[in-house]
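Here is a short briefing for a reader meeting this structure for the first time. Look over the sequence and the fold, then read on by topic.

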Amino acid sequence: MNTCDVIYEGKAKKMYRTEDESIVLVEYLDQVTALNGARKDEMVGKAELNNTISSFIFTWLKKNGIENHFVSKEGKTEQLIKKLEMIPLEIVLRNVAAGSFSKRFAVAQGTVLTRPIIEFYYKADELDDPFINDAHVDYFSIATEGELKSIRQLTLMLNEKLIELFDQIDLTLVDFKIEVGRTSDGKILLADEISPDTCRLWDKTSKQSLDKDVYRKKTGDLLTVYREVTNRLDALKEEN
């Protein structure tokens, strides 16, 4: 599909218009960031791994009842997605205490939560993506009450499906971050990406992190652990 001008460039992706106004081409970049972009490095091969993992997961989710923006994987680092009106929220779901949750609330890392906890963050780099609640969302007209209800329902359903998927490759889904957008008729749809960049994944036996925490904490090689996740998903694909 022919592409036109760049319509968005973020820390890890570029997006391009296509000749189809309803479709956008996403190019994953060989970049990794932490601390909201304060730390940034180039890692050749990361784009291909993230694109492969996210494309597999979005395809699997569609087959298992979670509609999303994914259309098709195009080459090693690119995919086509549906054009959405993005809602400026980062939605985080936590199954196990880790990261900022452990730090903010003094809950020991690894504590299994009695129920999944959903958090909202206002997506604004200049404000460092602040933690917000429903009243903030309403005040800033980010989403309606009905949309928030749909977002919560989608996030909980997604959690169940992702746990099911990662269980099959011996990974614990600790937490994840998603973004959503509106279709032209106002439906809320899962968007952005799902990968070790946006999920905390722990090996069920060793408890080793197989996600971006190895870069954040400087505890391992990011490309090695992303390849491990890719290899496990590839093996699952072959089994099915």
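Phe131 is partly exposed, because its relative accessible area is 46%. Buried means under 20% relative accessible area, exposed means over 50%, and partly exposed lies in between (1.4 Å probe, protein chains only). This is a predicted model: local features need pLDDT of at least 70, side-chain atom pairs count only at pLDDT 80 or more, and totals for chains, interfaces and linings use all residues. Residues are numbered from 1 along each chain as its sequence is written, and side-chain values use heavy atoms, with hydrogens and water left out.

- Phe131 sits in strand β11, which covers residues 131–132.
- Helices (H or I, at least four residues) and strands (E, at least two) are DSSP runs, numbered from the N terminus.
- Phe131 and Phe120 are 11 residues apart along the chain, and their C-alpha atoms are separated by 6.1 Å.
- Leaving aside neighbours within four places in sequence, Phe131 is in contact with Arg104, Glu119, Phe120 and Tyr121. Contact means heavy atoms within 4.5 Å.

**The chain as a whole**

- Six helices and 14 strands make up the count for the chain.
- The radius of gyration is 17 Å, close to the 18 Å that the globule rule gives for 240 residues, so the chain is as compact as a globular protein of that length. The radius is taken over C-alpha atoms, and the rule is 2.2 Å times the number of residues to the power 0.38.
- Along the principal axes, the C-alpha atoms fill a box of roughly 50 × 45 × 35 Å.
- Of the 240 residues, 48% count as buried.
- Take the contacts between residues at least 6 apart in sequence: 56% of them join residues at least 24 apart.
- The accessible surface comes to about 12200 Å², and 49% of that belongs to carbon and sulfur atoms. Areas come from the Shrake-Rupley method with a 1.4 Å probe; for residues, only the protein chains shown count as cover.
- The chain has 34 positive and 42 negative charges, and their mean positions are 3 Å apart. Lys and Arg count as positive, Asp and Glu as negative; His and the chain ends are not counted. Each charge is placed at NZ of Lys, CZ of Arg, CG of Asp or CD of Glu.

- Helix α1 has 18 residues, which should span 26 Å at 1.5 Å a residue; its end C-alpha atoms are 26 Å apart, which agrees. The expected span is 1.5 Å times one less than the number of residues.
- In α1, 13 of the 18 residues are buried, so this helix is largely enclosed by the rest of the structure.
- Gly65 follows α1 and has a positive phi, near 90°.
- Helix α4 has 23 residues and reaches 33 Å from its first C-alpha to its last, close to the 33 Å expected at 1.5 Å a residue.
- Buried residues of α4 include Glu147, Leu148, Ile151, Leu154 and Phe166.
- Helix α6 takes in residues 222–239, and its 18 residues should span 26 Å at 1.5 Å a residue; its end C-alpha atoms are 26 Å apart, which agrees.
- Among the buried residues of α6 are Leu222, Tyr226, Val229, Arg232, Leu233 and Leu236.
- The cover over the buried residues of α6 includes β4 (31–34), α1 (46–63), α4 (145–167), β12 (171–182), β14 (199–203) and α5 (213–216).

**The loop between α4 and β12**

- Gln168 lies in this loop, between α4 and β12. Its relative accessibility is 39%, so Gln168 counts as partly exposed.
- Beyond its neighbours within four places in sequence, Gln168 is in contact with Trp60 and Leu236.
- Gln168 and Leu49 are 119 residues apart in sequence and 19 Å apart in space, C-alpha to C-alpha.
- Asp170 also lies in the loop between α4 and β12. Its phi is near 60°, a positive value in a residue other than glycine.
- Asp170 is partly exposed, with a relative accessible area of 46%.

**Two further sites**

- Ile7 is in strand β1, residues 3–9. At 37% relative accessibility, Ile7 counts as partly exposed.
- Ile7 and Arg17 are 10 residues apart along the chain, with C-alpha atoms separated by 6.5 Å.
- Leaving aside neighbours within four places in sequence, Ile7 is in contact with Met15, Tyr16, Arg17 and Val24.
- Ala106 is in the loop between α2 (99–105) and β10 (112–122). Ala106 is exposed, with a relative accessible area of 74%.
- Phi of Ala106 is positive, near 55°, in a residue other than glycine.
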